[in-house]
Amino acid sequence: MTTETIPVAGEVSADTLDTVAELLRGKRAAVLTGAGLSTDSGIPDYRGKGAPVRTPMNYQTFIDDPRARVRYWAGSHLGWRRFRAAAPNLGHRSLVALEAGGVISGVITQNVDGLHTRAGSRHVVDLHGSMDLVVCLSCGQAFDRESIAARLEADNPSLRRPDSARLAPDGDADVTDLTGFVIPACTVCGGMLKPNVVFFGELVPTVKFVEATALVAGAQALIIAGSSLAVNSGIRLLEQARRRKLPIIVINRGVTKGDARALVKLEAGTSEVLSGLAQRLAG
């Protein structure tokens, strides 16, 4: 499939949006989203221009290193509080309109911020989990994040000052003072708790990937919005669409690993492009 890279400087032109809309017209598309979709909600991107260099939590480190686990829980709590304060942006709302108009069949997201669901999208596959749930690694008991947050703040009063932390796209935040910090344990068995998100070094749950592949298998096009496709799960879904010769539209500021396999690559913001497509296809 030949790639047609459409250069965009500033706002996307009406002609460009018309061209992309015609490629999608009459088709049901699946959508894969990444951190670039949430930047307009104030949540930073991992790999976008100007993103700070950081090392997200590794699963084995979380399990083996008590101090790393304390640091993660402190940062994760502050990051989650700020996630909850973020609101869905125009890109999220445009996807809701496209779904309601029958243009897209659902959203597969690599984000853990829950903004698609809060915006009103009905068919969402949280490929990497969601910060709103906490699970026990011993007995499997699940807890609402709000109940865990209340325990954390009761045991660690310093967490009530969230503005001092720098937010990261996985819901973590940088915290330096961990003296005397108390982390929560499972109230059922006393086991280790972990936010229900996929850490580096951890596999995407099989059931989630099956749901994602089913969405792509039933689609007639694939839109990738705000993802650099640096994570293997995204590339696998892209390859599934490519093998079926589906039209692939990539919307992202910056290079992605899918650029050479896309029919169209838009070097543009996700909000402006998705809102333009919603006006043309779901209006």
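**Cavities, core and cysteines**

Author: Let's start with a hole: the second largest cavity has a volume of about 30 Å³. This is a predicted model, where local features need pLDDT of at least 70, side-chain atom pairs count only at pLDDT 80 or more, and totals for chains, interfaces and linings use all residues. Residues are numbered from 1 along each chain as its sequence is written, and side-chain values use heavy atoms, with hydrogens and water left out.

Reader: What counts as a cavity?

Author: On a 1 Å grid over the protein atoms alone, it is a set of points where a 1.4 Å probe fits but cannot get out; lining residues have an atom within 4 Å of a point. The volume is the space filled by probe spheres set on the points, which are joined across faces, edges and corners. Here there are 2 cavities of 30 Å³ or more.

Reader: Which elements each supply at least two residues of the lining of the second largest cavity?

Author: Those are α5 (115-119) and β4 (124-126), where helices (H or I, at least four residues) and strands (E, at least two) are DSSP runs numbered from the N terminus. The largest share, 3 residues, comes from α5. Lining residues include Leu115, His116, Val124 and Asp126.

Reader: And how do I read a nonpolar core?

Author: In soluble globular proteins, nonpolar side chains tend to be buried together. A core is a set of buried Ala, Val, Leu, Ile, Met, Phe, Trp, Tyr and Cys residues joined through side-chain atoms within 4.5 Å; buried means under 20% relative accessible area, exposed over 50%, partly exposed in between (1.4 Å probe, protein chains only). The largest one here has 28 residues, with Tyr72, Trp73, Met131, Ile148, Phe181 and Leu193 making the most contacts inside it. Its largest share, 8 residues, comes from α3.

Reader: Which residues is isoleucine 148 in contact with, leaving aside its neighbours within four places in sequence?

Author: Trp73, Val134, Phe143, Pro184 and Leu193, contact being heavy atoms within 4.5 Å.

Reader: How many disulfides does the structure hold?

Author: A disulfide is a pair of cysteine sulfur atoms within 2.5 Å, and the structure holds 0. For cysteine 139, the nearest cysteine sulfur belongs to cysteine 189, 3.7 Å away. Cysteine 139 is partly exposed, because its relative accessibility is 40%. Cysteine 186 has no disulfide either; its nearest cysteine sulfur, that of cysteine 136, is 3.7 Å away. With a relative accessible area of 5%, cysteine 186 is buried.

Notes. 1 Å grid on protein atoms, 1.4 Å probe; cavity = no way out; pocket = protein on both sides within 12 Å on 5 of 7 lines; lining within 4 Å.
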